[in-house]
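Morning, everyone. Here is the model I want to walk through today. Please have a look at it first.

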Amino acid sequence: MTANTPEPTTDRPATPPPGCPAHGMTPDALHRLYGAEAQADPMGVYEKLRAAHGPVAPVLVHGDLPAWLVLGHRENLDVLRTPTVFSRDSRYWRDMAEGRVTADHPLAPITAWQPLCVFVDGEEHERLRGAVTDSLGRFESRGIRRHVTRFTHQLVDGFEHSGRADLVSQFAAQLPLRVMTQLFGMPDEYGPALAAAVQDALTGTDTAAASNDYITRTLQQLVERKRADPRHDFPSKLIEHPSGLSDDEIREHLRLILTAANETTVNLIANALRTLLTDDRFRANLAGGHMTLPDAMEQVMWDEPPMMTLLGRWATSDTVLAEQPIAAGDMLLLGLGAANVDPAIRPDLNASVHGNRSHLAFSGGPHECPGQHIGRAIADTAIDILLTRLPDLRLSVPNDDLEWTSSLMYRHLKGLPVEFTPSHQAPRAPGLTPPAALRTELPTAAPETKPAFSTAPAPADRSWLSWWRGVKRWTKG
């Protein structure tokens, strides 16, 4: 789902059924988590809801369907850690069971039940999740960082001579999927094509369905090849796992990991780079040795988590959460971004959270992100290399001019235009491009939006080289 997702064409229920969060209240009395206000300032909406309702607030999602938004840190952990009461199985959702979530509803693609580890609990969850976590655990961060290093250098090679770049479209959005194709045992040339297809499918363009078909064919062929010729890669480890996953289960879990890892890691890289480029206090803490680069990444995950809201959990029975009556079949949304700034645990948002990893950037409980070590390795290695290669990197537009797009779960930085001293070397060959056979299958993407680069002379070096050398000393110490 994206900020441009149209509203469903189905009729909205005139009166919410008894037991719903909105029962007895008109839609206008509840905040919508979609529409102009929610997209423009999601954190502002969360704080209004916290002030009005406390740590659990009644809200409306697309189609004015009722739900609960969990804002409190402790309350989010309560939901995450009790799957017997708050299940990941969307078949408990009353609105879906009663036909109000039809096939064309914007939430249908991400809530329709599938036989995946993210939609099941109990023994089936242990079987599917165990196969994923065990297989991902076979890859050490050191090996992942080698792939990140190679692709980061390739991407920087492509723009270092120009003195300017958009670090979202030309860097953050390109890197994670290229690394994942290596963990999937795919040839290098598959990376750019698969990255384009995944981004197109997630964006919801007119060619999204065709991109999704391309991803399905590619992953199905990959599973078939790995069955015939297993190697040291993620699909082969899934195939070999004693859980006995079927080819369909393997293919769909590959899709799940591919898309989830991409979306969150792109946001993590972009958010961290924006903070480094715009927050003098943050930069000073790094330069002064008060935090290392991994510490800095943790701070970003507190303040700008890759996912703002996680959808969803469904109540298996009537219960109470933070004095709110939750009825069986109600949907709950986990407010990860709101929980990270909960005044109950962070009364002073300017206070250091050095060494504190209790943020909810990767969710929690039995469904906590299984590949978070991969996301961390990609992000901090890529940023380390980028700032070493381009030590005078600077934002080329005012911070206030940066634009965002928001959806129910994500807040994306549209672009991060930067300037730096260009390399005097001749431009090196760009990263590998997909072979012709793949390019012809891939749907034509929308024209790339060019970043609005500043035409003013580049400012003097802001001592980035010296402070980054200081950071390097401390991170290696």
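Start with a definition. On a 1 Å grid over the protein atoms alone, a cavity is a set of points where a 1.4 Å probe fits but cannot get out. A pocket is an open set, with protein on both sides within 12 Å along at least five of seven lines. Lining residues have an atom within 4 Å of a point. Points are joined across faces, edges and corners, and a volume is the space filled by probe spheres set on them.

Two notes on the source. This is a predicted model, where local features need pLDDT of at least 70 and side-chain atom pairs count only at pLDDT 80 or more, while totals for chains, interfaces and linings use all residues. Residues are numbered from 1 along each chain as its sequence is written, and side-chain values use heavy atoms, with hydrogens and water left out.

Now, cavities. How many of 30 Å³ or more does a search of the whole structure find? One. The volume of the largest cavity is about 70 Å³. Its lining is L33, A38, P42, V45, Y46, T309, S407 and L408. Helix α2, residues 42-53, gives the largest share, three residues. (Helices are DSSP runs of H or I, at least four residues, numbered from the N terminus.) Six of the lining residues are nonpolar, two are polar and none is charged. Here nonpolar covers Ala, Val, Leu, Ile, Met, Phe, Trp, Tyr, Cys and Pro; charged covers Asp, Glu, Lys and Arg; the others, Gly among them, are polar.

Next, the second largest pocket. Its volume is about 580 Å³. It has 32 lining residues, and R281, Q299, D303, E304 and R346 lie nearest its centre. Helix α15 supplies the largest share, five residues. By class, the lining splits into 11 nonpolar, 10 polar and 11 charged.

On to the inside. Buried means under 20% relative accessible area, exposed over 50%, partly exposed in between, with a 1.4 Å probe and protein chains only. A nonpolar core is a set of buried Ala, Val, Leu, Ile, Met, Phe, Trp, Tyr and Cys residues joined through side-chain atoms within 4.5 Å. The largest one has 82 residues, and L167, F171 and F184 touch the most other members. Helix α13, residues 247-278, brings the largest share of this core, 14 residues. A second, separate core of 41 residues includes V59, L77, A339 and Y410.

Last, helix α9, residues 175-183. Is it mostly covered or mostly open? Mostly covered: nine of its nine residues are buried. After α9 comes G185, with a positive phi near 75°.

Note on methods. Helices (H or I, at least four residues) and strands (E, at least two) are DSSP runs, numbered from the N terminus.
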